[in-house]
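Please look over the sequence and the structure before reading on.

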Amino acid sequence: MDKNINSTEKKKVIFSGIQPSGNLTIGNYIGAVRNWIDLQNEYYCYFCVVDLHAITVRQVPADLRKRTKEVLAIYLAAGIDPEKNVMFVQSHVPAHAELAWVLNCYTMFGELSRMTQFKDKSRLHSDNINAGLFTYPVLMAADILLYQTDLVPTGQDQKQHIELARDIANRFNAVYSPTFVEPQPYIPKTTAKIMSLSDPTKKMSKSDFGGGSVGILDSRDDIIRKIKRAVTDSGSEVCYGEGKDGINNLLNIYTAFSGKTPEEAEKEFAGVGYGVFKEAVGETVADSLKEIQEKFKMYMDDKDFLDGLMEKNAEIAYSNARKTLSKVYRKVGFYHP
C-alpha cells in the first residue's frame with residue numbers, strides 16, 4: 001500500500017482512534033477494532049492511539065506509556081495489518097496539536113459548551129475541569145481534518161463531535177477557500193453497543209474498575225467470573241425483552257463473539273436458565289480472545305518491532321498531515337520563508 005495521501009489510489013480516507021486511558025474492553029473490540037478489520041481493505045485508514053486526548057483526565061505517566069504500546073499491540077493482534085494502514089501514536093505527530101490551536105480560533109464557545117461529553121466528564125471529574133476537557137472536541141476535529149478524512153467510524157455517542165468537525169471545516173472553508181474535506185460519520189448498522197455488566201443501562205467503559213467491564217487482556221478466569229456476576233433480571237428465560245437489559249446485553253455479547261444470530265442464541269438456551277447461559281457466554285468470550293491475547297504477547301515481547309512501527313508510521317502520518325497544515329498556515333496568513 002502506498003501510504004502517501006496524495007497517491008494515485010483514490011480510496012476514501014478513514015480516521016479512527018482509541019485513548020490509552022484504561023484497559024481496552026470487549027466493548028472497544030466489538031464496537032471499534034473488529035470493525036476496522038473489514039474497513040482496512042476498502043479504505044485508506046489511519047488508526048491512531050490518541051494519547052493527547054487521554055491527559056484531559058489525570059494519568060500516571062508510566063501507566064500511560066505502557067498502555068500506549070499495549071493499544072498498538074492490540075490493534076495488531078486483532079488483525080489490523082501494518083502494511084495496509086497508517087497505525088501511529090497521536091503525540092508523535094505535532095501537527096495534531098498545531099492544527100488544534102488554529103481551529104480553536106474558528107470554534108465558538110457556545111458550540112463547545114453544548115458538548116454532552118464535556119458535561120458528563122465534568123460531573124465525573126469535578127476536581128479537574130480543565131480547559132483541555134472543554135476544548136478536546138477541537139483536537140478531535142484536528143485529528144480528522146488533518147488527513148482530509150471522508151469517513152469517521154463512530155457510535156451515536158460521538159456523532160456530535162463529528163458534526164462539530166464538519167461545522168469547523170465548513171466555517172474555515174467559507175472564510176478562506178476549500179481547504180478541508182467535510183467528514184461524514186460512518187456508523188456500522190449491525191454492531192450492538194456493549195453495556196456495563198454491573199449497570200446494563202450504561203455503556204461498558206475502560207474506566208469501570210468495579211467489575212462492569214471485561215478487558216480484552218483479562219485472564220480466562222476473570223472473564224468467566226465477571227460474566228457470571230453480571231446483573232440480570234428476576235426472571236429465568238434467556239430471550240430479548242423490554243426490561244431485560246442485563247440479558248439483552250449478554251445476548252449481544254454472545255452473538256458478537258459466537259457469530260450466531262439472536263434467534264439461534266435464544267433457541268440454544270431455551271429452558272436452561274441464567275446460570276448455564278452466563279457460563280457459556282463467559283467461555284465463548286474467553287475462547288475468542290485467546291488468540292488475540294497470544295498474538296498481543298508476541299508483539300509486546302518484540303519491542304524493536306513496535307518501536308520501529310511507531311517511528312515509521314509517525315513519519316508517514318506527519319508527511320501527510322504537514323501538507324494540510326502548511327495549506328492552513330498559508331491561508332490564515334502565517335509567514336514562513
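## Overall form

The structure is a predicted model. The protein contains 13 helices and 5 strands. Its C-alpha atoms occupy a box of roughly 75 × 45 × 40 Å along the principal axes. For 337 residues, a compact globule would have a radius of gyration near 20 Å, and the value of 21 Å found for the protein therefore agrees with that expectation.

Of the 337 residues, 50% count as buried. The accessible surface amounts to about 16100 Å², and carbon and sulfur atoms provide 51% of that area. Among the contacts in the protein with a separation of 6 or more, 77% are made by residues 24 or more positions apart. As for charge, there are 42 positive and 43 negative side chains, and the centres of the two sets lie 4 Å apart.

## The paired strands

Which strands are joined to β2 by bridges? One is β1, residues 13-18, which runs parallel to β2 and is linked to it by 6 bridges. Within this pairing, Ser16 has Phe47 of β2 as its bridge partner, and Ile18 has Val49 of β2. Strand β1 is mostly covered as well, with 5 of its 6 residues buried.

Another is β3, which also runs parallel to β2 and is joined to it by 4 bridges. Here the bridge partner of Tyr46 is Val86 in β3. Strand β3 spans residues 86-89; Val86 and Phe88 point one way from it and Met87 and Val89 the other, and all are buried.

## Individual residues

The table lists residue pairs with their C-alpha distances.

| Residue pair | Separation along the chain | C-alpha distance |
|---|---|---|
| Asp199 and Ala230 | 31 residues | 8.6 Å |
| Ala192 and Asn249 | 57 residues | 8.8 Å |
| Gln184 and Thr149 | 35 residues | 8.4 Å |
| Arg123 and Val276 | 153 residues | 38 Å |

Two of the residues in the table belong to the loop between β5 and α9. Ala192 is found in this loop, and Asp199 is placed there too, β5 being residues 184-186 and α9 residues 220-228. Ala192 has a relative accessibility of 29% and so counts as partly exposed. Asp199, at 25% relative accessibility, is therefore also classed as partly exposed. Apart from its neighbours within four places in sequence, Ala192 is in contact with Ile30 and Asn252.

Gln184 lies in strand β5 itself. Is Gln184 buried or partly exposed? Its relative accessibility is 37%, so Gln184 counts as partly exposed. With neighbours within four places in sequence left aside, Gln184 is in contact with Asp150, Leu151, Val152, Ile162 and Arg166.

Arg123 is part of helix α6, which comprises residues 116-124. Its relative accessible area is 62%, and Arg123 is therefore exposed. The C-alpha atoms of Arg123 and Val276 are 38 Å apart in space.

At 17% relative accessibility, Gln148 falls under the 20% limit and so counts as buried. What is the phi of Gln148? Gln148 has a positive phi of about 50 degrees, although it is not a glycine. Most residues other than glycine have a negative phi.

## Summary

In the predicted model, β2 is joined by parallel bridges to β1 and to β3. Ala192, Asp199 and Gln184 count as partly exposed, whereas Arg123 is exposed and Gln148 is buried.

Key
Residues are numbered from 1 along each chain as its sequence is written. This is a predicted model: local features need pLDDT of at least 70, side-chain atom pairs count only at pLDDT 80 or more; totals for chains, interfaces and linings use all residues. Side-chain values use heavy atoms; hydrogens and water are left out. The radius of gyration is taken over C-alpha atoms; the globule rule is 2.2 Å times the number of residues to the power 0.38. Buried means under 20% relative accessible area, exposed over 50%, partly exposed in between (1.4 Å probe, protein chains only). Contact means heavy atoms within 4.5 Å. Accessible areas come from the Shrake-Rupley method with a 1.4 Å probe; for residues, only the protein chains shown count as cover. Lys and Arg count as positive and Asp and Glu as negative; His and the chain ends are not counted. The place of a charge is taken as NZ of Lys, CZ of Arg, CG of Asp or CD of Glu. Two strands pair if DSSP finds at least two bridges between them.
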